[in-house]
Amino acid sequence: MAAVETDRDAPSALCSEFLNFSAKDTAAKWLQVSNLPKEVYQHLACYVPKIYCLGPNLNPQNEDLLAPLLLQSPLEWYLCGEEPSVGLAKLEQNNQPSQLCGHVFKVGEPTYSCRECAADPTCVLCMQCFLGSVHKEHRYRMTTSGGGGFCDCGDTEAWKKGPYCQKHEPNISDSSQKDPLANLSDEMIARTYNVFSIILKYAVDMLTWEKEDELPEGLEPPARGDTYYCMLFNDEVHTYEQVIYTLQKAVNCTQKEAVSFATTVDRDGRKSVRFGDFQFCEQAKSVIVRNTSRQTKPLRVQVMHSSVVAHQCFALKALTWLGQIIRYSDALRRILCQVGLQRGPEGENSSLVDTLMLCDSKMWKGARNVYHQLFMSSLLMDTKYKKLFAIQFAKNYERLQSDYVKDDHDREFSVTDLSVQMFTVPSLARMLITEENLMTTIIRTFMDHLRHRDLHGHFQFERYTAQQAFKFRRVQSLIGDLKYVLISRPTEWTDQLREKYLEGFSAFLELLKCMQGMDPVVRQVGQHIEMEPEWEAAFTLQMKLTHIISMMQEWCSSDERVLIEAYKKCLSALTHCHSGFTDGEQPITLSMCGHSVDTIRYCVSQEKVSIHLPLSRLLAGLHALLSKTEVAYRFPELLPLSELSPPMLIEHPLRCLVLCAQVHAGMWRRNGFSLVNQIYYYHNVKCRVEMFDKDLSMLQAGASMMDPNHFLMIMLSRFELYHIFSSADCRKRYNRENANKDVVQQNNTLIEEMLHLVIMIVGERYTAGVGQVECFDEIRREIVHQLCIRPMAHSELVKALPENENKETGMERVIDSVALFKKPGVTGKGLYKLRPESAKMFNLYFHHYSRADQSKAEEAQRKIKRQNGEDSVLPPPVLPRFCPLFASLVNILQCDVLLGILGAVLQWAMEPSGGHWSESMLQRVLHLIGMGLVEEQQHLLSSAEDNDTNFNFTLKISRPGEAPANTPSILALLETLQNAPHLEVHKDMIRWILKVKLIQISLQSHLIGSTVRDKDKAERKRKAEMARLRREKIMAQMSEMQRHFINENKELFQQSLEELDPSTSSTLDSCDSTLFCVGPRRWRAGGSDRRQVVTCILCQEEQEIRIDGKAMVLAAFVQRSTVMSKNRKRPPHNPDKYDPLFMHPDLSFGTHTGSCGHIMHSHCWQRYFEAVQAKEQRRQQRLRVHTSYDVENGEFLCPLCECLSNTVIPLLPLTKTSCRYCNKHTLDFDLQLQWLNITSLQMKALLSAHRKAKAADADGVDDMDGVNDCPPPDGFKLDYTPKNPYSSTIKEMLTTFGTATYKVGLKVHPNEQDPRVPIMCWGSCAYTIQSIERLLVDEEKPLFGSLPCRQDDCLSSLTRFGSACWTVSSHATVQNHFIRLLAALVPDPRVENTPCILDIDMFHLLVSLVLSHPAVFSLDSSGLSADTAQLHFLHLVTVAHIVQILLSSVPEEVQMEQESGGAEREEEEKVCMFYNTLRTHLGSGLREVDSGWHLWCCVKAGILPYLRAAALFFHYLNGAPAPPELHSVGEWEALCGYLCLPSNLLQLFYNNRELMEPLLHGWCSHPGVRSSSVHYSTISYFRFPRESNHLIELPGDYSALINQASSFTCPKSGGDKSRAPTLCLVCGAMLCSQSYCCQSELEGVDVGACTAHTFACGAGVGIFLRVRESQVLFLAGKTKGCFYAPPYLDDYGETDQGLRRGNPLHLCQERYRKIQKLWRQHSITEEIGHAQEANQTLVGIDWQHL
Ligand SMILES: [Zn+2]
Ligand SMILES: [Zn+2]
Ligand SMILES: [Zn+2]
Ligand SMILES: [Zn+2]
Ligand SMILES: [Zn+2]
Ligand SMILES: [Zn+2]
Ligand SMILES: [Zn+2]
C-alpha cells in the first residue's frame, strides 16, 4: 500500500512542473528534431503516467483538465504552426463541409426511412434532416435506433429521390471533384501527416497491446511504482447478479458499489475494481476467477500495471481528439484516412486500420466504440476512402467474421457491424462483388462455419451442442450481409459482374445443396415418436434465406444471359442431388382410362421425405422467370428445356404436398408436434413464397411438359389413391371395401386434398410468368381474398401478406382499387372493406386459405350474396390466361383421367353418403367442372381472335363413360343429382353448371348468346335493386321501433334510485313558485315524496328506506385523489399527525367517493363479503394467485356489475323537517346579527364546558382559574344527550363507511374512535361534489339533470350520510370541530391555530359547518331553526370567499374599462367600495384597482364554482328540486335565487355592515393575511376560479416524444440512457422506469420509478406513457396496473403498441380526452379492475417494479 501513499502526494509536487509547461515551446522543439516519433513518444512516456491513473478511480476530473493542456495542446500547436484556435479557425473557413449528414444515432433516437424513396430500409434520416426533407410528405416509417449507425442524408445512392435535406443541399458550384488538400500548404500537410501517423500509431499500439506489465518501446516510464489495477472485463455469459455477488466477495465492496462496477463493466466493457500493489490485485483476481469458473468459463480479469492502463486511457482520448480535429477540415480528414490506410511494414493488410479491425474482438467494448466512431466520422465520410476502406474490409472479411463468431459480444459492438454502411451502397457492393468476389466470400465463409453435416452432406442440426447453437445464431449475421449486397439489383451488367455473380450463384447452390433434403421424416407407425426431433434450426435457416433466394431470382431476371446460365447451373445442381432417385427401385407401370405411364414405386407414408427442397424451388422460380422472357416466346429452342426430366422435377415437390395431405388426413399423428409445426411454417406467410408456392409452381411446370393423363396418374400414385380410381369398377368402390372405417375416412380426406391440388395446379395463375399477370395483380388478389373473410385493419392485412426484403408488401399501390377505408371511432381500428365489385374475383379454393379461412370466407360471401338478393352460388372466377410455357395446363381439365375421377365421385354421390364420399369432395368436383366450363367460355370468347381452340369441355362431359360401357356421362349424372334430396346444399352449384352449359352450347352453335346473357344480367340486376330497396325500408322501420322501445322503457335500462330523487320525480308542488334549496323558506318534501322503496340486488326483495328500518347500502369506492390539486409539490402529510379540519385551497390531497349505484341490504352485503373473503383465503392457499381486488384491504367487486368497491354507503331518508317556526321568517338581516350573538354565547358556554370536563379528566383543579364560567343562553342545554334516531343496522353502516373513508383518506389503520373520522367524511363529501362540479363544467353540461344515475345516487347518499355521521361519533368531538370551524369565520381568541382565510377552501368550510352543526343544534331548544343557521353559514362563508378572491385573484393587468348597463353599475360601485374597505384594513399591501367592472368580473368568475358546488350540496342535503333554468347552461341569477342569495352578492356585506365590518377586520388582521398580502400577487399556484387540471399537452407527432425521450438520461446513474423512459401524463415528469437504477423504497418495498412517482404525484394513482412502447400505463397502489391503448394513431386508425410497425403516429385528441375523462372521473382504478378481470395475466405482472 505504500505506493499508493506516495502517489497521492505526487500531483502537488508536479504542480509547478505543469505550470511551467509551454505547449508552444514543446511544439517549436518538435519542429526542429529529426526523429519526431521518438521525441513525441518521450513526451508521452513522461506525461501520460503523471496525469492518468494515479488512484483507484480511473476518471478523476484533473485528468480531463490536464490532458488537453499537456498532451493535446502541443500536438495542435505543432499541427497548426500557430495558436491552435487561430489555426483551426482558418482550417474551418476553407472546409468543404461534407454533404453527408453522418449524424451518429443514440440509443432510442427516432430514425426515419422513406418507404417510397429509400434504396433499402437501412437508409435512414435523423429527425432534423427528415423534417427538412421531401420525404416527410411521403409514406415513411419511423423507428427508434438501437444505437450506432448514422444518418444517410446526402448519400445519393441511398435515396431514389430527395437525397438531400435543406441543410445538406450541395452548393451549385461543383466542389466535390476538387481535391480537399489543394487548400493546404505543403508544410501543413507534412506536419499533419506527421502528427496523425504518430498519434494513430500510438493509439493502435496501445489499444491492441496485450502485455499487462510492459509498454511498447519508447514509452517506458521514467519511474515505475508498484501500482496495479485489477481490471474486470465484460462478457455476455455472466449475469448482472453473478457479477455483483462475486464482486462483493472478491473486493469487499458494498452492494451499491458492486452494482455500479457491474453497470460500468457492462457499459464500457471493463472497469478496475481494485487498485494497489501487485499482490493485492492478484488476490482479488484469483477470488473472482475462482468464483465464476464453476459452470462457465471464468470472468476475464487482468492485473495491469498502472502505466499500461494510463497509456490505454490516453490512447482512447487521442482517438477522440483525432475525431474532433478532423471535423474542422475535410483536408485533415482525408490525411487521416491516408495515414490509416497506408500499408504498414508487414505488407498487405497491415495498415493501422487493418490492425484495428483485426484486433477488434480482443478489445474491450469502450475501445471498440471509440474507434468505430472514428471510422464513421473519417473513412465513411470521405467518398474516396470509403471505397478503399470497403476493399480492405472485404479482404479481411473472412477473418473478421470468424473473430466475431468466436467473440461473445453483441454485433453492435463488433466492427463487422459496419458492413451495413458499405454493402448497402449499390456502387460499392457491385465493385466488391466484381473486384473482391464478395458474394462468394460471404457464402463460403458462411458454409465454413456450418461444418456439421450428415452422411449425405446435408446440414445437421439434430445434435447441436449449446456452443454450436450459439455459433449458429451468430453466423446468421452473414446472411444479413449477403442481403445487403444483393438488396439493390443492377441496372447494367458487365461481363465481369456476370462472371462474379454466377460464381457467387454457384456457391449459393452449394449451400442449397446442403439443405436439399435435410431433416427428413419417416412416418411413425405403431408407437408414438420418442423425442420430438429438432426442426427449428432448419426453418430458421430457411426463413433467413427466404429473401436471399427471392433476390437471387430477381438479379437473374434482370439479365437474360445470367438467367439462362443460372437456370442451367441450378438444373445441374438439382440433377446432381437426385441423380440416384431411381436407384434400387423397380419401375412400375400405371394405366387408367386407356393411358399408361412408367414411374417408380415410392410411398410417402413408408419412406423418407423432406420438406426442405430449396434447389427444386429455386429452379421453379427461375422457370417462371424464363417463361416471362422474350426467348421463351420466340426461341424456346434456345432454352435448356430439353435437358429436363419432368417426372424428376415434380417428384420431390409432389412428395412434400402429399406429406401435407397425409398429415391432414391424420396419418402422421404419431410423429408429434415437430412435424405439425413444420407443415404450419411451410404454408405460413413468412415461408410460403419460397416453399409452398414454389412447389406448386414446380408441379405446374412439370405438368405443363407432360401428358396430363400421365401427370394425374403419377399424382394419384403418390397420393396412394391409384388403386381406388384405377380399378375397373371404381364407380362402385365403396360397396366393395367398407372394411375399415378409418381407412375410408383417411382416403376421403386424401381425395379431397388431391382434388384441391388439381384445382390449384390449373387455377393458380397469378404468379408472373405462370399466368399473364403483373406482380401487383398478385397482391391485389391476395388482398381481395383476405377481405373476403372479413373487413380488416391495415396491420392485419400487412400480417397476412408476404413482405419483401424491404419490408414492403406492395399493398399501398393496389389497396384503394379493391377496398374502401372506414375510419375508427373513439375505440376500435380503422377497417378496410372489400369493394363489392371486387368480390367477383373470389375463389373458394384460393391456395393461401387455410381450411378455417376457407369456411369463414365461404360463409361471409354467401351471406353477402343473400343480402343482395342474389343466388348464393360461389362459382369459380374467370382467370387470367396462362403464359405460353404453361398453356397446356388447361388440358388437365379435359383429360380422360380427370374426367374419370370426376365421374366416379359423382356416381358415388348418387346415394346418400354412408361415409363413402364427402360433401367437400363433391364440392371440389363441382368446382372443377365449373372451372372447365369457365375455361371453355373464355376460349370461345377469344376464339374470334385466334381460331385454334381445341378446348371442348362441354363435349367431353356429355360423353358417356368408357369402361365399363354405358356408364352415364358427367352431365347426365348432374341432371340426376339436381333432384337428389340429399344434395340440397349443392343444388345451387349444380344448377349453375347446367345453366352455364346451356349458354355454352348456344355460344358454340354461334347463336347470339351475348344478348341472352345481357338480358339475363339486366333482369338480375333489376331484381337485386328491388330487393335492396325493400331491405332498406325494413331496416329503417326496425331502428325506429327500437328507439321507441328504449324511450318507453327507460327504467328497464337503468336501475336507479329515481324515486328517491325528488329533483326528477316531483316538480313544483311547494307553496312558493320560487325554489330555494336552503334557508327557512326552502322547499320541503311532502310525505309521499319522502317514501322511498328500493330493491336489493342480492335477494331481490323490496325495502323502504326508513330511519328505523333495515339498512340499505350502496357499493362504493373511496380513494385518495390529487386530480384537482393545484400544488403537486406539497409533501405528503404525516398520516398520524395531520389535522384535516381545514382543507387548503390548493386542494392538494382529497378523498373521493364513487359508486356504481347498486343497492343491497347491509346484511346481504355482509354475507356476500364474508363469502368473498373465505373464497379468497382458500384460493390463496391453493394457487397463490392474486385477484384484481385486495380482500384484505376490504376490496370486493360489486356483485352485479363487478365494479371495484371498498366499502358501502348507507342510504338514508331525507332529514326530518321539523321546522318549528317555518315560513314565518322573512330574510331579516338584523336577525343574523342576533343569531350570531346567540350562537357565540352558545359556543362560549360549550367551550368552557368542554374545557372544564377536560381539566377534570386531567385531574387538575388549578386550570379552572383560567376558564371563565360562561352560563349558556336560554334553551341551550349543555348536558343534554340527544337520542340517536337510527336503527342499529344503520348505525353500524354509518360507522363502517365513516371508518373506511378515514382509513383510505388518511392511509391509516381503521379506528372508529378517532376524532378525525367525521372530518374525513365531510371532506370526502365536499371534495366529491367539487370534483363533479368541475366535471360538469369541463364537459359543458348543465348543473342539474345531466348527471348519470350512479353519480346522482352517490352524491345524494353521500351528503345525507354526511349530515348523519355525527350521531355515531363523540358529540363533544364534533361540537369541538364546529367551534374551531366557526372560529375561522368569527374570530375567537380562545380558539387556537385558526388558519387565515386565505388558507381555507371555502366550500369545504361550508360543508363542514353545515354538517357538524346538528351536534350543537341538538342541544338547543330555544326555537332557532336549523334552516336559518344553514343560510347564515352560507352568507358568512360567501362573504369570506369574496374577500379571499379579492385578496388573491385580482390579476395584474387591468383590462379596458367596459361600459355596462345600470344593473351592473350598482354591483361595480359596491365591489369598488368593498375593495377599498379591504385596502384600508390591509394598508398599502393591496394594489390599487379602480375598475369596478373588472373587480366584479373577477368576483363573479371566481365565486361561480363555489356557488355551483353549494347548490349541488344543498340540493342533495335538503332534497329541493332544482329550477328548470339550472338544467341548462348560463345561470347566474337562477343560481343565486336557488341559493337564496341576492344576485348582487356584495349586498350580503352592505345589508349587514354592523355584523360584517368587525368580521372583515378580524380576517384582515390575521397574521397569515398580513404576511401574505405583501406578496399576494406572487402566489401563483392557484387563483380563483381554480381551473380544471388537464393532462399534459402532448405533441401532435409521436416522434417528437421519442426524440424527447432519447435525450432523457437516467437521473441516478450519471448520464446513462434510460431503457424505459416513461412520461407522467399528469405532471409531465419523465421517469426512468423498469430499471434497477431508479428503484426506491416505499413503505418497506422496493418499487420502480413509476410507482414511487404515483405516490407523490397522484396519491397512488398514475397515468403514464411508455414512450418506447407507445403504450399508456395505468397504475394504482403497488399491486394494480394495466396497459391502455395510447392516444396515438397511424393513418390507418390503428395504435402501434410496442412500436413494431413504424407507421407515423399522430395524436388523436378524442382518445386523449377519453383518457383525461377517465382520470377526472376518478375511474382509473375501476378501469384497471375491469382490465384485470378481463385478462388474468395482467394480475401476475409485478406492477410495482415499473
Ligand atoms: Zn441527418
Ligand atoms: Zn440532412
Ligand atoms: Zn420519399
Ligand atoms: Zn337483500
Ligand atoms: Zn355495481
Ligand atoms: Zn406526475
Ligand atoms: Zn434509472
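Let me begin with Cys126, which is buried at a relative accessible area of 6%, where buried means under 20% relative accessible area, exposed over 50% and partly exposed in between, with a 1.4 Å probe and protein chains only. Cys129 is buried as well, with a relative accessible area of 2%.

Before I go on, please keep in mind that this is a predicted model, in which local features need pLDDT of at least 70 and side-chain atom pairs count only at pLDDT 80 or more, while totals for chains, interfaces and linings use all residues. Residues are numbered from 1 along each chain as its sequence is written, chains are lettered from A and ligands numbered from 1 in the order in which they are written, and side-chain values use heavy atoms, with hydrogens and water left out.

Both of those cysteines belong to a metal site: the zinc ion (ligand 1) is coordinated at 2.2 to 2.3 Å by the SG atoms of Cys101, Cys126, Cys129 and Cys151. Donors here are N, O and S atoms within 2.8 Å of the metal (3.2 Å for Na, K and Ca), and since water is not among the atoms, sites may look incomplete. Along the chain, the donors of the zinc ion (ligand 1) follow the spacing C-x24-C-x2-C-x21-C. The angles among its four donor atoms run from 98 to 124 degrees, and the site of the zinc ion (ligand 1) is tetrahedral, a label given to four donors if all angles lie between 85 and 135 degrees. For reference, the ideal angle for four tetrahedral donors is 109.5 degrees. Cys129 also bridges the zinc ion (ligand 1) and the zinc ion (ligand 2), and these two ions lie 4.2 Å apart.

Which residues hold the zinc ion (ligand 3)? They are Cys114 and Cys117, through SG, and His135 and His138, through ND1, at 2.0 to 2.3 Å. The arrangement around the zinc ion (ligand 3) is tetrahedral because its four donor atoms subtend angles of 99 to 117 degrees, and the donor spacing in sequence is C-x2-C-x17-H-x2-H. Helices (H or I, at least four residues) and strands (E, at least two) are DSSP runs, numbered from the N terminus. Cys117 and His138 are both buried.

Turning to helix packing, the axes of helix α33 (residues 741-763) and helix α39 (residues 919-942) come within 9 Å and cross at roughly 20 degrees. The axes are lines fitted to C-alpha atoms, for helices over the stretch in contact, and angles run from 0 to 180 degrees between N-to-C directions. α33 and α39 are therefore roughly parallel to each other, angles under 35 degrees counting as roughly parallel, over 145 as roughly antiparallel, 65 to 115 as roughly perpendicular and the rest as oblique. Their contact (heavy atoms within 4.5 Å) involves several residues, including Ile751 and Leu755 of α33 and Val925 and Leu928 of α39.

By contrast, helix α22 (residues 495-515) and helix α25 (residues 614-628) pack at about 135 degrees with axes 8 Å apart, and they are therefore oblique to each other. Among the residues that meet there are Phe505 and Leu509 in α22, and Leu615 and Leu618 in α25.

As for the protein overall, there are 65 helices and 25 strands, and buried residues make up 57% of its 1746 residues.

Note on methods: Four donors count as tetrahedral if all angles lie between 85 and 135 degrees; four count as square planar and six as octahedral if opposite donors are over 155 degrees apart and all others between 65 and 115; anything else is irregular.
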